[in-house]
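Here is a short briefing on one protein model.

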Amino acid sequence: QLSEFAESVSVIDIHTECKSSASDSFHLIADVFSGMVDGLVSEKRKELSHTFKKAKSYNKKVKHAKGDIKNVIQRLDDEALNSAQYYTLVLDYMREIGHNLMFITEPSLEHVENNHKPIGPKQTEHLNALSKDIESFVNAAVQIITESSYQRVPDLLKQSEDILNNMDDYTMAQIKRLKKNKSGAKNTKLFLDVLAETKSLIFNMVNLTKSMRDLSRIGGMYYE
């Protein structure tokens, strides 16, 4: 927490904290998403509850960090002032990611708690594939951030586009199943809601990575 630093906060302090927080956020995303899929597919209420608590805890943590932003900015040294806007953006995207994780895990938990019909085999197949894609994306993003290899951001963007295209296919397949009466209304709603929220999650992960790139450039840790 930057609020625990000394009276003056430097651009290196900002970058170090954001680098650690962003990497931790990405790892949590993969963990929470995988736990959500496994719990939903296997109808494990306990696992879903644990996953939801992780998302809730993260959301609370980033909300606190965002609320403390005034205290941090007031203590920035002169050289660090230009980094303030990117620090704010990093927190904004982590806050949005917290919302995404809540909106993915809570409905999944409620679905199982309310004993709704389990998701079908095709939904299971698509969610498992999506979970693997998220994990692969997270690993690539973390490597870029930890190594400051932001010249690879275009590759990450291509990876995100592929995931989004796959999700469009999953959405259309679900609509066709619903039309043929091969899927229930509640199952369909949950599945489509998870896909929609995951799309937003992808966008926020991309933007978090871009903001880290910009912050690294301002701090002199990355040059194009």
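Contact here means heavy atoms within 4.5 Å. This is a predicted model: local features need pLDDT of at least 70, side-chain atom pairs count only at pLDDT 80 or more, and totals for chains, interfaces and linings use all residues. Residues are numbered from 1 along each chain as its sequence is written, and side-chain values use heavy atoms, with hydrogens and water left out.

**Fold and dimensions**
- The chain has seven helices and zero strands; helices (H or I, at least four residues) and strands (E, at least two) are DSSP runs, numbered from the N terminus.
- In sequence order the pattern reads α-α-α-α-α-α-α.
- The C-alpha trace spans about 65 × 35 × 20 Å along its principal axes.
- Of the contacts with a separation of 6 or more, 80% join residues 24 or more positions apart.

**Surface and charge**
- The accessible surface is about 11300 Å², and carbon and sulfur atoms hold 50% of that. Areas come from the Shrake-Rupley method with a 1.4 Å probe.
- Buried residues make up 48% of the 224 in the chain. Buried means under 20% relative accessible area, exposed over 50%, and partly exposed in between (1.4 Å probe, protein chains only).
- There are 30 positive and 31 negative side chains, with the centres of the two sets 9 Å apart. Lys and Arg count as positive, Asp and Glu as negative; His and the chain ends are not counted. Charges are placed at NZ of Lys, CZ of Arg, CG of Asp or CD of Glu.

**Nonpolar core**
- The largest nonpolar core has 66 residues; Phe26, Ile29, Leu101 and Met205 have the most contacts inside it.
- Helices H1 (11-42), H2 (45-67), H3 (69-74), H4 (84-113), H5 (121-147), H6 (153-179) and H7 (185-218) each supply at least two residues of this core.
- Such a core is a set of buried Ala, Val, Leu, Ile, Met, Phe, Trp, Tyr and Cys residues joined through side-chain atoms within 4.5 Å.
- Leaving out residues up to four places away in sequence, Ile29 touches Ile97, Leu101, Ile134, Val138, Leu201 and Met205.

**Individual residues**
- His126 sits in helix H5 and is buried, at 10% relative accessible area. Beyond neighbours within four places in sequence, His126 contacts Tyr170, Ala173, Arg177 and Phe191.
- Asn115 lies in the loop between H4 and H5. Its phi is positive, near 55°, and Asn115 is exposed at 68% relative accessibility.
- Ser148 lies in the loop between H5 and H6. Its phi is also positive, near 50°, but Ser148 is buried at 14%.
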